[in-house]
Amino acid sequence: MTGKKAALEAILFAAGEPIGVDRLAQALELESGQVRALAAQLTEEFRERESGLQILCLENCYQMCSAPRYGEVVRRALDLRRNTPLSQAAMEVLAVVAYNQPVTKSFVEQVRGVDCSGILGSLIVKGLLEERGRLELPGRPLLYGTTPDFLRCLGLQSLEELPPLPQPDGEERESSENPGEEHSSACQE
């Protein structure tokens with residue numbers, strides 16, 4: 001299995017972007033569970049030796065990237081400029097989309113009470129949100145959702161790791177398989 005682990009490391013290094021477990025399993029001629037086990041071993045090896053690299057698990061994908069503690073020196077060496085922090089309004093839009101996706105622009109605006117066109121556009125350009133199709137309503141409004149970059153920026157493996165929303169006193173949050181679906185279908189643009 002050592003050769004397969006080295007092959008997984010080489011694939012993740014060369015890819016530079018998240019790669020799905022199924023695709024890795026196919027390339028390595030392994031089962032998905034074996035790929036996950038190898039990725040966990042690599043992750044632990046990097047952690048133990050305090051490597052400058054790390055393996056991220058993003059939903060059903062893996063990606064190799066630099067360890068956060070070396071971010072500043074990597075930026076200096078590559079002359080990368082730090083992205084400006086997101087505004088409070090952008091963070092609010094991200095939160096509305098993350099907790100309710102897929103959603104329409106009008107749903108986000110209804111929750112926030114202000115126009116969100118510009119913010120949605122800038123979050124798409126930054127790669128944190130993406131278009132997820134159209135709602136089957138008159139006008140066929142676009143649906144938006146988060147991206148793997150959103151998860152990576154927040155250090156999350158999946159949306160299930162988002163903290164629970166605060167609830168009004170004494171109320172329990174109703175859970176559903178896809179909370180955005182119930183909200184999106186009620187929205188019209």
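Entry one. Strand 6 covers residues 142-146, and two bridges join strand 4 to it in an antiparallel run. I noted the rule for pairing: two strands pair if DSSP finds at least two bridges between them. Helices (H or I, at least four residues) and strands (E, at least two) are DSSP runs, numbered from the N terminus.

Before going on, I wrote down the ground rules. This is a predicted model, where local features need pLDDT of at least 70, side-chain atom pairs count only at pLDDT 80 or more, and totals for chains, interfaces and linings use all residues. Residues are numbered from 1 along each chain as its sequence is written, and side-chain values use heavy atoms, with hydrogens and water left out.

Entry two. Three strands form an open sheet in the order 4-6-5, with antiparallel pairing. Strand 4 (103-104) and strand 5 (129-134) are the edge strands, and each pairs on one side only. Helix 7 (residues 117-125) packs on this sheet and touches strand 5 and strand 6. Contact here means heavy atoms within 4.5 Å. The direction of helix 7 makes about 110° with that of strand 5. For such angles, axes are lines fitted to C-alpha atoms, for helices over the stretch in contact, and angles run from 0 to 180 degrees between N-to-C directions.

Which residues of helix 6 are buried? In helix 6 (residues 105-112), they are Ser106, Phe107, Val108 and Glu109. Buried means under 20% relative accessible area (1.4 Å probe, protein chains only). Gly113 follows helix 6, and its phi is positive, near 85°.

I found another open sheet of three strands, in the order 1-3-2, with antiparallel pairing. Strand 1 (19-20) and strand 2 (53-58) stand at the edges with a single partner strand each, so one side of each has no neighbour in the sheet. Two bridges join strand 1 to strand 3 (residues 61-66). Gly20 has Cys61 in strand 3 as its bridge partner. Helix 1 packs on this sheet, touching strand 1, strand 2 and strand 3.

I checked helix 1 (residues 2-15) against helix 3 (residues 32-48): they pack at about 75°, with axes 10 Å apart. Helix 1 and helix 3 are therefore roughly perpendicular, a label for angles of 65 to 115 degrees.

Key:
Angles under 35 degrees count as roughly parallel, over 145 as roughly antiparallel, 65 to 115 as roughly perpendicular and the rest as oblique. Buried means under 20% relative accessible area, exposed over 50%, partly exposed in between (1.4 Å probe, protein chains only).
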